[in-house]
Each structure stands twice: as C-alpha cells, then as structure tokens.
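The sequence and structure are shown first.

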Amino acid sequence: MPSMTPSTPQTGTTLAVKTIQLQPAMRTSQRFKGSDSWNDGSIFKNIVYKTRKGLENRTSLELIRSGERTAFSSDSLEYSDVHVGDLFRLTNRTDNVTVRITEQPYPTELISADEWSAFEGLDPSLHGALFGQKGYFQFRFELVNPSPIDPKWKPINGPTLVTQIGGSQPRRFRLPDKTTMEQDFALDLPETASYLLLGGPGTGKSVIALLRARRLARKRHPHKFLAFNQLLVHASKNLDAKTANNLNMTIRADTWIAWFRSTWRNLVGTACPHREHVFQIDWSAVRFQLDAKFPRGVAIPKPNESYLVIDEGQDMPKDFYEILVEMGYENIFVVADFNQILHQDSNSNYPDLCNALEKTASLRFSASASSKERFTVEHVVQLTYNHRNSYPVAQLARSFHITSPQNVPPNLPLTTRTAEVPVLEKYDGSEPEFLKIIRRILLTADSAPTKLIGVLCPDNEVRQRYKQAFEKAVLSLSNEKPRIDSYAKDDRVLPDFAFGGIILLNAQACKGLEFDYVVIADIDQFKCWPAIEDERRMLFYVMVSRAIERVIMIQNTANPCPVSVILPTDKNLLRG
C-alpha cells in the first residue's frame with residue numbers, strides 16, 4: 001500500500017505517492033486543510049485516468065464534482081508531486097480535503113472479467129491492460145466539510161460517499177433515462193433536414209435538443225449545440241456531463257454569436273462585421289461580404305459542422321437563420337417557445353422561423369398525436385405536456401401566459417397534496433425585516449441541502465444586496481452554511497447546477513435554467529408600464545416556470561410595486 005507524505009513547498013501543497021505494494025483490501029486516507037491562498041496547481045495532467053470509458057480526459061475537479069473513482073493497475077505504479085491546490089477553486093474558501101487511496105483484490109474467482117467490468121462501469125477493452133493483475137488501485141478525492149473521514153468507507157459494494165460543497169449536497173441533475181412517447185417522436189425525427197420543435201416550459205424541448213446533440217456526438221457527426229448566452233451553454237454542458245454513461249460522447253456547445261463569428265472568420269477570412277458593439281452583428285454587411293466573397297457561380301464550401309442543434313431558438317435574430325441557409329446549412333434542429341421572448345429587439349417570431357426553416361406556419365403537429373403518418377417535413381412539431389413544474393407552480397406561470405395562436409401553453413401537470421401554493425412574502429423595508437427574509441431562505445436551504453434555490457433579481461444592485469446579506473448572516477444551522485453563488489453577465493466563474501445551495505442571478509439570465517425552488521427577489525424593483533406590460537408578463541412567466549417545486553416572491557412594501565398590475569389576485573394562485 002502506498003505511503004502518503006504531504007509536503008508544503010512554497011508553490012503549494014503536494015502529495016508524493018510511492019510504489020504500490022500488492023496488499024489487497026487495505027485503505028489509507030490523508031486530510032489536507034486548504035484555503036483560497038493555496039497554489040491553484042496543475043490539473044492532474046500527470047495521472048492517466050483509466051476507469052470508465054473516456055474518463056482519461058477528465059480533470060480532478062470534474063472527478064470531485066461527479067464523485068467518480070479512478071482505478072489503476074496495482075503493479076509498480078508511481079506518481080509524484082500531485083497537486084491538490086486546484087481542489088479549492090470549487091468554493092473559494094477554506095475547505096477540508098480528504099484524499100483516499102484504496103487497493104482491492106480483483107475478484108476473478110467470483111465473477112468473470114466482463115461481469116466485473118459491467119458492475120464497475122469500466123470499459124471492458126481495458127481489462128487486459130489494467131485488470132489482468134492480482135489487484136487494482138483506486139484513487140479518490142473528496143471535499144469534506146467539516147465531517148470527519150468515514151472509517152466505514154467501502155469502495156466496492158459500499159455506499160457512495162457524498163461530496164459536499166459547504167453544507168450543500170449533490171442534487172439529481174442528469175438527463176432523463178427515459179423519455180415520453182411525444183418526446184420520443186421529436187427525438188427520433190430524421191437527422192437530415194431541418195425541424196422546428198415548439199414547447200412550453202417543462203415540456204422537455206431543451207432535453208430533446210441535448211439528447212439529439214448527444215446522439216450526433218455518439219455517432220461522431222460534426223455538430224454544434226448553440227444557445228443564446230454563456231450561462232445556458234454552461235448549464236447544458238454541465239447537465240450533459242453529469243449524465244450517466246456519457247463520458248465518451250461530449251457534445252460540442254457554444255453561444256450562437258461566438259460560434260457564428262468564429263465560423264464567419266473561417267469562411268470569409270475577415271472579422272464578422274458589427275455595429276457599435278462587437279456582439280451587434282451588422283447583417284446587411286454580412287450579406288454584402290458573403291456575396292462579394294462568393295458571387296453567383298462560386299460555390300460556398302461545405303460547412304464544417306453539418307448538424308446544428310439550437311436551444312431557445314426564438315432569441316436568435318431572423319437574419320441569423322437566413323444567413324445559415326445561405327451558407328449552406330441544411331440540417332438545423334431548432335427548439336423554441338415564443339412566449340419566452342426576453343429580447344424583443346433581436347428575436348425571431350414564429351413566421352420568421354417557419355420561413356427560414358421552410359415550414360408551413362399553419363401546419364402544427366402535436367407530438368402526442370396517435371396518427372404519426374400524417375406528419376410531413378413541412379410540419380412544426382408541438383410538445384404539450386409539462387413534466388417540470390408542480391401543479392401550483394404551473395398554474396401561477398399560466399396566469400402570466402399571453403394567449404395567441406402561436407403561443408400554446410403546455411397542459412397542466414397532475415395535482416398532488418404535497419405541492420405548495422406559491423407565496424408572496426412582504427417586508428417593510430427595514431434592515432431587521434429584510435434579514436428575517438434572508439434567514440428564512442438560508443434555513444430553507446439548510447433543511448434541504450440537495451435542493452437548488454434560484455434567487456432571481458431585477459438588477460445588479462438587488463443581487464449584490466442579497467448576496468452580501470447571505471454571506472454576512474449569522475444563524476444556527478443543522479449543516480454547514482450552504483454554498484452561495486452569484487452570477488452576472490461576463491463573469492468568468494460559472495455556477496455548478498449539480499449541487500444544492502443558492503444561486504443569485506439577474507432575471508434576464510434565467511432563461512432555459514431549472515431550479516428546485518425559485519425566489520423572485522424584490523418584485524417592487526421590476527419596472528412596468530402599459531407599453532411593456534406584455535414583456536413583464538413574459539418575464540414573470542419565464543421566472544416562475546424555472547421552479548420545479550416552489551415559488552416565493554418577495555416584496556418591499558416601502559416602495560411602490562409597478563408589477564402588481566400583472567400579479568394574480570386569486571389566493572389559490574399566489575398566497576400572501
């Protein structure tokens with residue numbers, strides 16, 4: 001069994017591991033105490049991960065967050081200077097880190113190599129190289145805060161250890177193992193040709209988009225998964241990476257505008273033309289330069305990515321889709337909901353997308369229909385069932401829905417006795433009353449450490465106020481204080497949606513995301529006047545529908561509340 005000798009050079013803390021001796025079923029653990037002043041360290045590039053297929057490309061940070069193990073052949077394997085400083089970037093605060101090393105006998109007399117590989121989730125092709133020996137070696141990292149090392153830890157057939165960030169624990173965050181019949185119809189549409197899939201919040205349209213992208217990745221088709229902003233791209237990649245058996249089929253994802261600018265430069269050889277801001281594409285100039293580069297009779301090169309999957313497609317401008325067609329893209333799968341348009345000045349409407357994708361706007365096909373043979377390539381596909389929200393949350397969201405022929409709300413989910421009616425909490429604006437609200441949210445997070453609470457704020461000022469109050473609050477909790485993340489546009493550090501805790505976001509950034517609980521902070525700070533009343537309804541529709549289980553709105557009664565005109569007065573919809 002290796003001996004573990006921590007040392008503390010000036011650059012950071014390292015772990016030296018000596019040659020492994022064949023002593024089966026032995027275990028050792030070493031604990032380190034670190035802070036954000038520790039060396040960020042190299043990301044374990046000197047360790048070759050060979051356990052689950054594809055894990056060799058994972059970093060130590062990803063292993064910690066996913067709770068994965070790393071197995072090695074136990075025959076004279078050596079490591080040196082394994083940095084642990086990078087572990088602390090997860091939380092940016094002092095943490096206790098447990099490093100566990102375990103060697104176990106390979107049970108050749110109990111089950112076959114193939115059965116053992118399947119049981120461990122290993123790639124059977126690695127058996128000869130790794131497990132033809134008398135034993136195998138497991139290497140595991142954990143963040144432990146502040147619980148002691150569990151002496152009963154068993155890496156084989158034992159309970160899975162729970163990785164924690166602060167007092168928060170992993171939540172169920174993965175793509176579904178099974179899809180519904182109507183989702184299957186959308187998922188199994190041919191890979192070639194273009195399709196438009198509509199669906200309200202919770203219908204699974206984004207899940208279908210991710211599953212389509214995964215299928216393309218698995219088949220090694222050149223593809224790109226595109227979303228409106230970096231946060232949604234990150235959440236989608238995060239969700240994809242946390243899904244079981246997905247280690248060898250990582251999707252290729254990017255924001256639509258970063259991808260387009262890069263693609264344009266590769267195609268035309270010059271920077272993408274823009275107006276005042278680099279992210280304001282000058283579409284007239286784009287058309288002019290495209291015609292100049294490829295005049296009539298000159299063929300445009302075949303796109304590098306033959307397949308595009310676009311999430312929240314209503315938020316991209318119509319010119320984007322028209323140019324894609326001109327550039328030769330033929331296989332475009334777009335999911336959209338036209339009641340979730342948050343960027344009124346740069347979005348596509350329903351006729352725009354139908355025209356660009358050559359669909360007939362009047363041909364709307366319900367994916368739940370029994371006669372699938374009636375479907376043609378000119379149809380637009382509609383998902384109808386809400387699988388995310390509890391009944392009270394879906395009911396409140398529907399009260400903000402703007403009815404029109406192109407905006408069909410999803411069917412309400414089934415009612416349950418345990419589902420809670422959304423609540424409007426009020427405070428008088430004083431600091432003591434505000435801190436009571438803060439403490440109640442923290443206590444809610446403490447009582448449910450696997451739940452993710454999204455605190456959606458009207459602006460940066462409100463977000464910073466809540467963030468500081470959460471961080472400074474002192475109260476007695478059953479667990480360590482939950483992790484508190486705050487994200488604003490252009491932040492480099494992106495939140496992890498796979499853990500419980502609290503994430504503070506500006507309201508405009510929540511599109512496409514999902515939380516167990518949603519807190520809408522200081523609704524009195526949302527501006528509203530008759531000309532933008534429909535926009536505010538859309539925004540509240542989006543915010544409320546992010547919640548799986550509960551919605552809490554908070555109002556400072558010291559201020560006028562412009563959005564009160566759109567709030568339902570029915571106590572069965574919003575209590576308080």
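In this predicted model, the number of disulfides is 0. Cys 528 illustrates the point: the nearest cysteine sulfur belongs to Cys 561 and is 9.2 Å away, whereas a disulfide requires the two sulfur atoms to be within 2.5 Å. Cys 528 therefore takes part in no disulfide. With a relative accessible area of 13%, Cys 528 is buried, because the limit for that class is under 20%. Cys 354 is likewise classed as buried, at a relative accessibility of 1%.

Glu 358 lies in the loop that links α10 (350–356) to β13 (364–366). Its relative accessible area is 64%, and the residue is therefore exposed, the threshold being over 50%.

Asp 522 also has a positive phi, of about 45 degrees, and is not a glycine. This residue sits in the loop between β19 (515–520) and α14. Is Asp 522 buried or exposed? Its relative accessibility is 3%, so Asp 522 counts as buried.

Helix α14 spans residues 533–544, and its axis comes within 8 Å of the axis of helix α11 (residues 391–399). The two axes cross at roughly 170 degrees. Because angles over 145 degrees are classed as roughly antiparallel, α11 is roughly antiparallel to α14. On the side of α11, the contact is made by Val 393, Leu 396, Ala 397 and Ser 399; on the side of α14, Arg 537, Tyr 541 and Val 544 contribute. By residue class, this contact comprises 5 nonpolar residues, 1 polar and 1 charged.

A further helix pair is formed by α7 (residues 256–268) and α9 (residues 318–326). Their axes are 13 Å apart and the helices pack at an angle of about 35 degrees. The crossing of α7 and α9 is left-handed. Which residues make the contact between α7 and α9? Helix α7 supplies Trp 256, Trp 259 and Phe 260, and helix α9 supplies Phe 320, Ile 323 and Leu 324. The contact of α7 with α9 consists of 6 nonpolar residues, with no polar and no charged residue.

Definitions and conventions. Residues numbered from 1 in each chain as written. Predicted model: local features only at pLDDT ≥ 70, side-chain atom pairs only at ≥ 80, totals over all residues. Heavy atoms only, no water. Axes fitted to C-alpha atoms, helices over the stretch in contact; angles between N-to-C directions. Helix = DSSP H or I, 4+ residues; strand = E, 2+ residues; numbered from the N terminus. Parallel < 35°, antiparallel > 145°, perpendicular 65-115°, else oblique. Contact = heavy atoms within 4.5 Å. Nonpolar A, V, L, I, M, F, W, Y, C, P; charged D, E, K, R; others polar. Buried < 20%, exposed > 50% of the residue type's maximum accessible area, 1.4 Å probe, protein only. Left-handed = near helix turned anticlockwise from the far one by under 90°.
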